[in-house]
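Subject: Structure for you, with notes

Hi there,

Here is the structure I promised to send over. Please have it open while you read, as my notes follow below.

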Amino acid sequence: MRKILLSCLLVFLSPCLPMMGQTKLTAEQQKQIVEKIDKASSAMKTMQCDFTQTKRMKMLSKDMQSKGVMYFKRPDKLRWQYTSPYDYTFIMNGDKVQIKSMKSTKNIDVQQNKMFRQITNIILSSITGGTLRTSADFTVELWQQDKSYFVKLYPKKKELKQLYQYLEIWFDPALTKVSTVKMMEKTGDMTIVNLLNTKYGVTINEKMFATD
């Protein structure tokens, strides 16, 4: 059960295979780009978008496709809701997490679980693109492909290293928003999530983040 819940929390993250034209930035270049990303992230108070998700598993010959909507409110409120092909919702509100489906609802106290604390930090960093300057959980590398930039995050902590090879966060050319989040699992399975129709500064009803 614990492994299933952890997979649900990170199901919208995934991997990227090496491609032609990718260049690793120097330390000075990385510093400059991270400053721009941090500035844009700090200015973001709320965010709303649609998303598409592609899950590739070695045991399946066909990719699993899904879509939904996401709501975020600084500093630590998130609603990740699948609308197709099934109804499934992950809500994070501070130290509280709720995983809800049509058949059941499970509440989790993040502070009582070290692994969940680490994962919630990953989720928030992935959505906002912030906290890249220093990271206790990951070794951070910044890469460029054509006009786009992406961050590669290699796990430092033992628990995360057992589950994941690395994560990637892709940004639009202006470095103002996250466009794609990816993760490679130790098993070789991968998930690719694209964020679409992103809106910032929108009013979001607090009931969207209720975990009671």
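Grid points are joined across faces, edges and corners, and a volume is the space filled by probe spheres set on the points. The largest cavity has a volume of about 80 Å³.

Before going on, a word on the source: this is a predicted model, in which local features need pLDDT of at least 70 and side-chain atom pairs count only at pLDDT 80 or more, while totals for chains, interfaces and linings use all residues. Residues are numbered from 1 along each chain as its sequence is written, and side-chain values use heavy atoms, with hydrogens and water left out.

Which residues line the largest cavity? They are Ile37, Ala40, Ser41, Met44, Ile127, Thr128, Phe171, Leu175, Thr176, Lys177, Val178 and Tyr200. Two or more lining residues come from each of helix 2 (27-43) and helix 3 (114-128), and helix 2 has the largest share, with three residues. Helices (H or I, at least four residues) and strands (E, at least two) are DSSP runs, numbered from the N terminus. By class, the lining has eight nonpolar, three polar and one charged residues.

Stepping back to the whole protein, you will find four helices and 12 strands. Of its 212 residues, 49% are buried, where buried means under 20% relative accessible area, exposed over 50%, and partly exposed in between (1.4 Å probe, protein chains only). Among contacts with a separation of 6 or more, 53% are between residues 24 or more positions apart; a contact means heavy atoms within 4.5 Å.

Thr54 is worth a look. This residue sits in strand 2 (residues 46-56) and counts as buried because its relative accessibility is 16%. Leaving aside residues up to four places away in sequence, Thr54 touches Asp63, Met64, Gln65, Met190, Thr191 and Ile192. With Gln65 there is also a polar contact, side chain to side chain, at 3.1 Å. A polar contact is a pair of N or O atoms within 3.5 Å; within protein, one must be able to donate a hydrogen and the other to accept it, and residues adjacent in sequence count only if both atoms are side-chain atoms.

Now for the backbone. Most residues other than glycine have a negative phi, and most peptide bonds are trans. Where are the cis bonds? One runs from Arg74 to Pro75, with omega near 10°, and Pro75 lies in the loop between strand 3 (64-73) and strand 4 (77-84). Another joins Ser84 and Pro85, with omega about 5°; Pro85 is in the loop between strand 4 and strand 5 (88-93).

Asp146 is in the loop between strand 8 (138-145) and strand 9 (148-155) and is exposed, at 64% relative accessibility. Asn197, also not a glycine, has a positive phi of about 50°. Asn197 belongs to strand 12 (residues 190-200) and is exposed, with a relative accessible area of 55%.

Best wishes

Terms used. On a 1 Å grid over the protein atoms alone, a cavity is a set of points where a 1.4 Å probe fits but cannot get out, and a pocket is an open set with protein on both sides within 12 Å along at least five of seven lines; lining residues have an atom within 4 Å of a point. Ala, Val, Leu, Ile, Met, Phe, Trp, Tyr, Cys and Pro count as nonpolar, Asp, Glu, Lys and Arg as charged, and the others, Gly among them, as polar.
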